[in-house]
Amino acid sequence: MAQEVRGVIAPGKGEPVRVETIVVPDPGPGEAVVRIQACGVCHTDLHYKQGGISDEFPFLLGHEAAGVVESVGAGVTDVAPGDFVILNWRAVCGNCRACLRGRPWYCFNTHNAEQKMTLTDGTELSPALGIGAFAEKTLVAAGQCTKVDASVAPQVAGLLGCGVMAGIGAAINTGNVGRGDSVAVIGCGGVGDAAIAGANLAGAAKIIAVDLDDRKLTKAREMGATHTVNSKESDPVAAIRELTGGFGADVVIEAVGRPETYKQAFYARDLAGTVVLVGVPTPEMKLELPLLDVFGRGGSLKSSWYGDCLPSRDFPMLIDLHLQGRLPLDKFVTETIQLTDVEKAFERMHHGDVLRSVVVL
């Protein structure tokens, strides 16, 4: 039987979010209802609110979440009621050409719940990234649920649902950072700091954090950066080269998503080094590079989608490392808030005052 719960919606482009009563249907085949315990406030939710993703308002916001499975539909075998899970927005299909080639992290046919959650008047909601977790409960495809150790704090676990996983994965999955490598990270917001933590976890010998904000650079050191560069005060390419014996870093991770910072990443890497783009550009942005430089410098130019993660592989492993004290996921949580505080959290995010605000239910 359908349930009525509270949830945060974005009613229209640029309008303030508000808490509304949401109708959550019983799970159908392949679906699950999850009781949300915590959900991070991510930049992607702000993009939805501003109309930067699509115009399919109203949106049910929130996607960086963890909670407990309440019920499942027919045919669901991977999770069961009572399981503590992290939600993900790339439920792999197992049947597309990427999955069949053994590269499910590139799945071309990820899926969401078939049924729609609604307002009480029947208005259908578009769940952010197919999740919609700024709510007491949400309906998702069962494949979007990954079971992990229930002893971890929900406000920490949920961070792997988006930004933190994107950054860690950019370092360990896409960038293949290894022991003794030099790494530079341009842009030290949540994703950039997660890339720093991932590089540290992988055993990088030198991790150079680059940003315009000294507050963020201080936080980057807490995450494992060995050196910092304020790019308002010095040329980041020259600084990275100076810190790496004049050569450039083995791996440069661009976590801003702008042509200017991508060019910095390109020229700050060593010969045959790797550039990883994990910052998300906007549609109108263009990049121009001398093709001879692309050829002559060798190496790899990669983009990282969701940290090239496979939730069933990466989430449990990273939670275990956190519980062992080897991955400081708790350092990403600046504050915990209520559903009614989401609009204010967007403002603090915009001003760079928080690394992550997390809604706790």
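For the class counts used below, Ala, Val, Leu, Ile, Met, Phe, Trp, Tyr, Cys and Pro are nonpolar, Asp, Glu, Lys and Arg are charged, and the others, Gly among them, are polar. The model is predicted.

**Exercise 1. The second largest pocket**

Task: Find the volume of the second largest pocket, and describe its lining by class.

Solution.
- Step 1. The volume of the second largest pocket is about 370 Å³.
- Step 2. Its lining has 19 residues, and Asp78, Val92, Ala142, Gly143 and Cys145 are the closest to the centre.
- Step 3. Two elements, β10 (145-147) and α10 (311-323), each give two or more residues to this lining. The largest share, 3 residues, belongs to β10.
- Step 4. Sort the lining by class: 8 residues are nonpolar, 8 are polar and 3 are charged.

**Exercise 2. A nonpolar patch**

Task: Which residues make the nonpolar surface patch of about 320 Å²? Classify Phe108 by its accessibility.

Solution.
- Step 1. Tyr106, Phe108 and Trp305 make the patch.
- Step 2. Locate Phe108: the loop between α2 (97-100) and β7 (118-119) holds this residue.
- Step 3. Phe108 has 45% relative accessibility, so it counts as partly exposed. The partly exposed class lies between the buried limit of 20% and the exposed limit of 50%.

**Exercise 3. Salt bridges across the chain**

Task: How many salt bridges does a search of the whole structure find? Examine the pairs Glu343 with Lys49 and Arg215 with Asp353.

Solution.
- Step 1. The search gives 12 salt bridges.
- Step 2. In the bridge between Glu343 and Lys49, the closest N and O atoms are 3.4 Å apart. Glu343 sits in helix α11 (residues 342-350) and Lys49 in helix α1 (residues 43-49), so this pair links distant parts of the chain, 294 residues apart.
- Step 3. Lys49 has a relative accessible area of 8%, so it is buried.
- Step 4. The bridge between Arg215 and Asp353 has an N to O distance of 3.2 Å. Arg215 belongs to helix α6 (residues 214-223), while Asp353 is in the loop between α11 and β18 (357-360); the two are 138 residues apart.
- Step 5. Arg215 is partly exposed at 48%. Asp353 is partly exposed at 43%.

**Exercise 4. A further bridge and a network**

Task: Classify both partners of the salt bridge between Glu260 and Arg258. Then find which residues salt bridges with shared partners join into one network.

Solution.
- Step 1. The side chains of Glu260 and Arg258 come to 3.2 Å, N to O.
- Step 2. Glu260 is partly exposed, at 46% relative accessible area. Arg258 is partly exposed too, at 41%.
- Step 3. The network consists of Asp213, Arg215 and Asp353, joined by salt bridges that share partners.

**Exercise 5. Backbone exceptions**

Task: Is the peptide bond from Phe57 to Pro58 cis or trans? Are Ala272 and Asp308 buried or exposed?

Solution.
- Step 1. Recall the background: most residues other than glycine have a negative phi, and most peptide bonds are trans.
- Step 2. The bond from Phe57 to Pro58 is cis, with omega near -5°. Pro58 lies in the loop between α1 and β4 (59-60).
- Step 3. Ala272 has a positive phi, near 65°. Its place is strand β15 (residues 269-277). With a relative accessible area of 58%, Ala272 is exposed.
- Step 4. Asp308 also has a positive phi, near 45°. Asp308 is in the loop between β16 (300-303) and α10. With a relative accessible area of 6%, Asp308 is buried.

Terms used: Residues numbered from 1 in each chain as written. Predicted model: local features only at pLDDT ≥ 70, side-chain atom pairs only at ≥ 80, totals over all residues. Heavy atoms only, no water. 1 Å grid on protein atoms, 1.4 Å probe; cavity = no way out; pocket = protein on both sides within 12 Å on 5 of 7 lines; lining within 4 Å. Points joined across faces, edges and corners; volume = space filled by probe spheres on them. Helix = DSSP H or I, 4+ residues; strand = E, 2+ residues; numbered from the N terminus. Patch = residues over 30% accessible without salt bridge, like charges linked within 9 Å, V, L, I, M, F, W, Y side chains within 5 Å. Areas by Shrake-Rupley, 256 points an atom, 1.4 Å probe, with all protein chains shown as cover. Salt bridge = Lys/Arg side-chain N within 4 Å of Asp/Glu carboxyl O. Buried < 20%, exposed > 50% of the residue type's maximum accessible area, 1.4 Å probe, protein only.
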